[in-house]
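The report that follows takes up a few local features and then the sheet and the helices around it. Please keep the sequence and the structure in view while reading.

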Amino acid sequence: MSAQQRSALFIDGANLYAATKALGFDIDYRRLLREFQSRDALLRAFYYTAIVEDQEYSSIRPLIDWLDYNGFRVVTKPAKEFVDSMGRRKVKGNMDIELAIDALELASHIDHMVLFSGDGDFRSLVEAMQRRGVRVTVVSTIQTQPAMIADDLRRQADEFMDLAQLASRIGRDPGERGSRAPDNRHSGDTATRFRGETPERSPRPSPALESRYGIRQNDEVVEP
């Protein structure tokens, strides 16, 4: 890849969390950002997730707070809650529209889109980006049973990148589980953060935050 190629990351938070959980490793978002900064001229890194607004405490909030201060553009919306036929509390949050709109609006400014999701609903978005001259890489995995990526999406992408192959470069050291980011509250501006300087902000107290990326508490089940 050319160092002059302009790119943007689009991360489907719930989908990425499910894939890495199935593979048995945790994402180090600092390493992930640096990995893709080293590949292209990275303009933006978006992270999408639905959150439960009426909870006194949500375990994903410290994560999105940290991401927002360390080089990511975080996009959230309230999740919808319901109880299924088995009496289990579930949370449903779909961020497909938000991600698609941001990608299409940015299409004229980038050469390369990196989509972290295996959701087959994104096949039409990938095709639309390609019609606009944007090369699309999809990041998910086929190393699970069943595969975490829809076959239609994988075939539509210009390149498929397996998370299992990236684990050594963007995964966290298992020995670091439960550790927290150092306390450094200088947020900096977007330009500074995307030059490879990723200032850190200490998140609000969280039970093993960095070993629980994307997971909700108690009996909540998140559905895409």
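Predicted model: local features only at pLDDT ≥ 70, side-chain atom pairs only at ≥ 80, totals over all residues.

Residues are numbered from 1 along each chain as its sequence is written, and side-chain values use heavy atoms, with hydrogens and water left out.

R123 is found in helix 5 (residues 123–131); helices (H or I, at least four residues) and strands (E, at least two) are DSSP runs, numbered from the N terminus. Leaving aside neighbours within four places in sequence, R123 is in contact (heavy atoms within 4.5 Å) with D152, L153 and Q156.

## Salt bridges

A search of the whole structure finds 10 salt bridges, each being a side-chain nitrogen of Lys or Arg within 4 Å of a carboxyl oxygen of Asp or Glu. One of them joins D152 to R155, with the closest N and O atoms 2.6 Å apart. Being three residues apart in helix 6 (residues 151–156), D152 and R155 are separated by about one helical turn. D152 counts as partly exposed at 42% relative accessibility, whereas R155, with a relative accessible area of 60%, is exposed. Elsewhere, salt bridges that share partners join E35, R39 and R169 into one network.

Another salt bridge is formed by E159 and R135, whose closest N and O atoms are 2.7 Å apart. E159 lies in strand 8 (residues 159–162) and R135 in strand 7 (residues 135–140), so the pair ties together parts that are 24 residues apart in sequence. E159 is partly exposed at 26% relative accessibility, and R135 is partly exposed at 29%. The side chains of R30 and D28 also meet in a salt bridge, at 3.9 Å from N to O, and here both R30 and D28 are buried.

## The parallel sheet

Strand 1 (residues 6–12) is mostly covered, with six of its seven residues buried. Strand 1 pairs with strand 2 in the parallel sense over seven bridges; L9 stands opposite A45 in strand 2, and F10 stands opposite F46 in strand 2. Five bridges join strand 1 to strand 6 (residues 112–116), and these two strands run parallel. The bridge partner of I11 in strand 6 is F116.

Two packed helices are described by the angle between their axes and the distance between the axes. Helix 2 and helix 7 pack at an angle of about 105°, with their axes 9 Å apart. Helix 2 and helix 7 are therefore roughly perpendicular to each other, on a scale where angles under 35 degrees count as roughly parallel, over 145 as roughly antiparallel, 65 to 115 as roughly perpendicular and the rest as oblique. In this contact R31, L32, E35 and F36 in helix 2 meet L166, S168, R169 and I170 in helix 7.

Helix 3 (residues 61–68) is mostly covered, since six of its eight residues are buried; the buried residues are P62, L63, I64, D65, W66 and L67. What covers these buried residues includes helix 2 (29–37), strand 2 (41–51) and strand 3 (73–78).

Terms used. Buried < 20%, exposed > 50% of the residue type's maximum accessible area, 1.4 Å probe, protein only. Pairing = 2+ DSSP bridges. Axes fitted to C-alpha atoms, helices over the stretch in contact; angles between N-to-C directions.
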